[in-house]
Amino acid sequence: MSILKVDTINEKTSGNGVAIPGHVIQVGSAIRQTYTTFTSSAYVTSGLELSFTPKFANSKLHVMCTSTLASYANAATVGAVFKRTIGGSVAYSPLGTTGHGNINTPDGATMAAYGGADGAANNRQAPFTMEWYDTTHNTTSSITYTVMVAQNSGNASHVCAMGGLGDNTGYHVVSTLSVREIAQ
């Protein structure tokens, strides 16, 4: 039996690093510690955003967010999706923001995160995690991932906040957005 012992592994040529299929090449992350209030039925930014530059155009990018969605006073449903921007070109996950992906006509399967409450409920909060395996970026240019949120009706809703003691925004939740580049 042979044993290979090394102190360092260097890439053959300088540039992108070593790509071993299935392994994480690099990780990027962002946090947000303040809440965002929104009243729109069209998707708007939550304030949670991350710019990431892949080392390889064919990498799989695992995008993940953890946060909370909160609806208050007749805001019956709230939803979230990822927006990807590459050089001005925009794509959404999982299926977009129109048709069945629109908060006014949700079907549950087309939004990355979805929360609801009955029409008279207040302080309905739910933690959420959403993920996207972005395999179609095909670039080594900077990519910006943004968490987008919308509601279907009622008063203001919040993302990245949790109420307490009758205060809709009593506590702020530390929300995270991360990207892991996985070699293919």
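I started at Phe82. Leaving aside neighbours within four places in sequence, I found Phe82 in contact with Val63, Met64, Cys65, Ala91, Tyr92, Ser93, Met130, Glu131, Trp132, Thr146, Val147 and Leu177. I note that this is a predicted model.

**Core.** I looked up the largest nonpolar core next. It has 23 residues. Phe82 is among those with the most contacts inside it, together with Cys65, Val147 and Leu177. I then checked which strands supply it. β3 (44-52), β4 (60-71), β5, β8, β9 (143-151) and β13 (175-182) each give at least two residues to this core. The general rule is that nonpolar side chains tend to be buried together in soluble globular proteins.

**Fold.** I counted 13 strands and 0 helices in the chain. Along the sequence the pattern is β-β-β-β-β-β-β-β-β-β-β-β-β. I also looked at contacts between residues at least 6 apart in sequence: 80% of these join residues at least 24 apart.

**Charges.** How many salt bridges does a search of the whole structure find? I got 1. Arg84 forms a salt bridge with Asp134, and their closest N and O atoms are 2.7 Å apart. The pair links distant parts of the chain, with Arg84 in strand β5 and Asp134 in strand β8 (residues 124-134), 50 residues apart. I checked burial for the two: Arg84 is buried, and Asp134 is buried too.

**Lys83.** I moved to Lys83, which sits in strand β5 (residues 77-86). Lys83 is buried but has no salt bridge. Which side chain of opposite charge is nearest to Lys83? I found Glu49, 6.1 Å away. Not counting residues up to four places away in sequence, Lys83 touches Val90, Ala91, Tyr92, Thr144, Tyr145, Thr146 and Met148.

**Surface.** I looked for nonpolar side chains on the outside. Leu4, Val6, Ile9, Val18 and Ile20 form a nonpolar patch on the surface. Together they have about 530 Å² of accessible area. I picked out Ile9, which lies in the segment before β1 (24-32). Is Ile9 buried or exposed? Ile9 counts as exposed because its relative accessibility is 65%, and the cut-off for exposed is over 50%.

**Totals.** Of its 184 residues, 41% are buried. The accessible surface comes to about 9600 Å². Carbon and sulfur atoms hold 50% of that surface.

Note on methods: Residues numbered from 1 in each chain as written. Predicted model: local features only at pLDDT ≥ 70, side-chain atom pairs only at ≥ 80, totals over all residues. Heavy atoms only, no water. Patch = residues over 30% accessible without salt bridge, like charges linked within 9 Å, V, L, I, M, F, W, Y side chains within 5 Å. Areas by Shrake-Rupley, 256 points an atom, 1.4 Å probe, with all protein chains shown as cover. Salt bridge = Lys/Arg side-chain N within 4 Å of Asp/Glu carboxyl O. Helix = DSSP H or I, 4+ residues; strand = E, 2+ residues; numbered from the N terminus. Buried < 20%, exposed > 50% of the residue type's maximum accessible area, 1.4 Å probe, protein only. Lys, Arg positive; Asp, Glu negative; His and termini not counted. Contact = heavy atoms within 4.5 Å. Core = buried A, V, L, I, M, F, W, Y, C linked by side-chain atoms within 4.5 Å.
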